[in-house]
Amino acid sequence: MNNYVDQGAKDTRSGFGAGLLELGRINPNVVGLCADLTGSLKMGDFKEEFPDRFIQVGIAEANMMGIAAGLTIGGKIPFTGTFANFSTGRVYDQIRQSIAYSGKNVKICASHAGLTLGEDGATHQILEDIGLMKMLPGMTVINPCDYNQTKAATLAIAEHKGPVYLRFGRPKVPNFTPADQAFEIGKGILLQEGNDVTLVATGHLVWKALEAAEALAKEQISAEVINIHTIKPLDEEIILNSVSKTNCLVSAEEHMRFGGLGESISGMLARKRPTVQEFVAVNDRFGESGTPAQLLEKYGLNGQAIAAAARRAIERK
Amino acid sequence: MPHNYYFMADTQHLEQIASQIRRDIVRMVHAVQSGHPGGSLGCTEFFTALYFEVMQHNAPVFDMDGSGEELFFLSNGHISPVYYSTLAHAGYFPLSELHTFRKLDSRLQGHPTTHEGLPGVRVASGSLGQGMSVAIGAALSKKLNGDDRLVFSLHGDGELQEGQIWEAAMFAAGKKVDNLICTIDANGQQIDGSTDDVLAMGDIGKKFEAFGWEVMHIAKGNHMETVVNGLKKARSLTGKGKPVCVVMKTEMGAGVDFMEGTHKWHGIAPNDEQLTQALAQLPETLGDY
């Protein structure tokens, strides 16, 4: 069992906003850019306290990415803010050429990722962004699980030299990681030890994985739970150590199965230690309108779905 | 050691540099039988004037951040031959490296990039329409740093068909980015034909004016003195609350008669006979690389 308790629901985007504000106070090179979504991205406090270092770009995300790339020339550390869809798919070529290939120190901060932005529907529910970003050479991809971890990640990526994609979301979700937990890029966090199955989750589904582990425990199934906040570079060691004990794994993410965390893990395991794996992810379809809870249930991304996948994985061992 | 021509520039000397750069362009493109000679030749006066007379930069020293010096961004990256030759003659890297253009393991990629660490280049370009945004970012970085130096950029006229250009144009005027001089290479040609045939853009200068830019024209973009004076005038228009757009009329393929004024030499290389014919028109002034 684990010691993680819900300290109260908070949105991960507010963790970003709080982290950015703190960064503004400690790092004069940090610049915030936003494409007309200051409130949604929780960048208002930064804007208010550092108006000279906040650039309102308007509804022009391609331009925002280019400006961010240019700002790094002269030593600025730009943090761009818009929805995940407009942070990736809409501006893929700008990120590819002007940021990733050019090796620019831009932090692409993306809210409203996945299904859980809810009622706005599939136009805004990008489920391909992790895949798009992790395919870019040199891009670091991070999907923190709660408010505290998103805040810690925001602070950590300012210290990392190179382009980063930081993915977070809209809804209020359990805030359960310790506020003082160190955030180390590329290092997974073992949340709960277990012997029968490894649950590896990222983002909002980390809490769901803990819920699944609790349900499984009632069936005398001992699940190990790992929080992978950094999808690239992937912490291979923590996963390999775990599956050497459990011999099966469930990956869980609020993302398309193709190109997501699960494929990163299965690709690594195929090379290093072929292991039975079940995927909790969206399977080749677009989202739709609904409440976050309804959507997670319909698309099979909740604790019950993770527990069911764990039983399947154990069965296949 | 490469020498810095910046201190000895007069029009005649600039013309000598331009002639050598043109020789380099056709020789580089011929050597690998690929590359973009047309636009490169058309912008030779611009590059020569900018790097050897107008822009205050720290060649041969290169620092990515470029603090305290003026910066240039090439948005239409396919005219890399003229860029590379100019950078080499300015001393950023050895002239002999021009031999490696477009070859395996070279820093002189088909389109310019920072990826291999080529001094003088600050961002990759090639996928069109992105350079104005990057130049704006660099100009804002200078303002934030209290650095009063300017940022220059060059764009093809065909490139203006990319939507991102107009996002950037709107932003630069709206946010008063007045330490920025964007030059449009108005040669009226693009890959599939004349810009008027492919997608007529109307009056480019008026479009930028309507977006809130200070617009000026260089009518003879292949006349050295005109280009030098034009760019110097553009400098004088900065710092007044508006970004500056220079619409520069050039002839694609300028300096090589059989390449002039046609889109056909946008992206093809001369054969051996054509190379001889081209070089016969371009005096070797500073020694071939």
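The following legends describe close-up views of a predicted model.

**Figure 1. The two domains of chain A and the contact between them.** The domain assignment of chain A places residues 9-174 in domain 1 and residues 189-316 in domain 2. Taken over C-alpha atoms, the centres of domain 1 of chain A and domain 2 of chain A are separated by 25 Å. Domain 1 of chain A contributes 27 residues to the contact, and domain 2 of chain A contributes 30 residues. On the side of domain 1 of chain A that touches domain 2 of chain A, at least two residues each are supplied by α6 (129-134), β6 (140-142), α7 (147-159) and β8 (172-174) of chain A. Sorted by class, this side of domain 1 of chain A holds 13 nonpolar, 10 polar and 4 charged residues.

**Figure 2. The open sheet of 7 strands in chain A.** The strand order is β3-β2-β4-β5-β7-β6-β12 (chain A), and the pairing is mixed. At the edges stand β3 and β12 (230-232) of chain A; each has a single partner strand, so one side of each is left without a neighbour in the sheet. From one strand to the next, the twist averages 20 degrees.

**Figure 3. Strand β2 of chain A and its partners.** Strand β2(A), residues 30-34, is mostly covered, with 5 of its 5 residues buried. Burial extends to both faces of β2(A): A:V30, A:G32 and A:C34 lie on one side, and A:V31 and A:L33 lie on the other. Strand β4 (residues 77-83) of chain A runs parallel to β2(A) and is joined to β2(A) by 5 bridges. Within this pair, A:G32 stands opposite A:F79, and A:C34 stands opposite A:G81. Strand β3 (residues 54-56) of chain A is also parallel to β2(A), and 3 bridges join these two strands. Here A:C34 stands opposite A:Q56 in β3(A). Between β2(A) and β3(A), the chain passes through helix α2 (residues 44-49) of chain A, in a β-α-β crossover that is right-handed.

Figure 4. Strand β13 (residues 248-256) of chain A runs parallel to β14(A), to which 6 bridges join it. In this pairing, A:V250 has A:E278 of β14(A) as its bridge partner.

**Figure 5. The contact between chain B and chain A.** In this contact, 28 residues of chain B meet 23 residues of chain A. The most comes from α5(B), with 10 residues. By class, the side of chain B that touches chain A comprises 11 nonpolar, 13 polar and 4 charged residues.

**Figure 6. Helix α3 of chain B.** Helix α3(B), residues 44-54, is largely enclosed by the rest of the structure, because 11 of its 11 residues are buried. Among these buried residues are B:F46, B:F47, B:Y51 and B:F52, together with B:E45 and B:E53.

Terms used:
Residues are numbered from 1 along each chain as its sequence is written. Chains are lettered from A and ligands numbered from 1 in the order in which they are written. This is a predicted model: local features need pLDDT of at least 70, side-chain atom pairs count only at pLDDT 80 or more; totals for chains, interfaces and linings use all residues. Two residues are in contact if their C-beta atoms, placed from the backbone, lie within 7 Å. Helices (H or I, at least four residues) and strands (E, at least two) are DSSP runs, numbered from the N terminus. Ala, Val, Leu, Ile, Met, Phe, Trp, Tyr, Cys and Pro count as nonpolar, Asp, Glu, Lys and Arg as charged, and the others, Gly among them, as polar. A residue is buried if 20 or more other C-beta atoms lie within 10 Å of its own, exposed if 12 or fewer, and partly exposed in between; C-beta atoms are placed from the backbone. Two strands pair if DSSP finds at least two bridges between them. A crossover is right-handed if, with the strands pointing away from the viewer, the path from the first strand over the helix to the second runs clockwise. Domain bounds come from an automatic or database domain assignment. Axes are lines fitted to C-alpha atoms, for helices over the stretch in contact, and angles run from 0 to 180 degrees between N-to-C directions.
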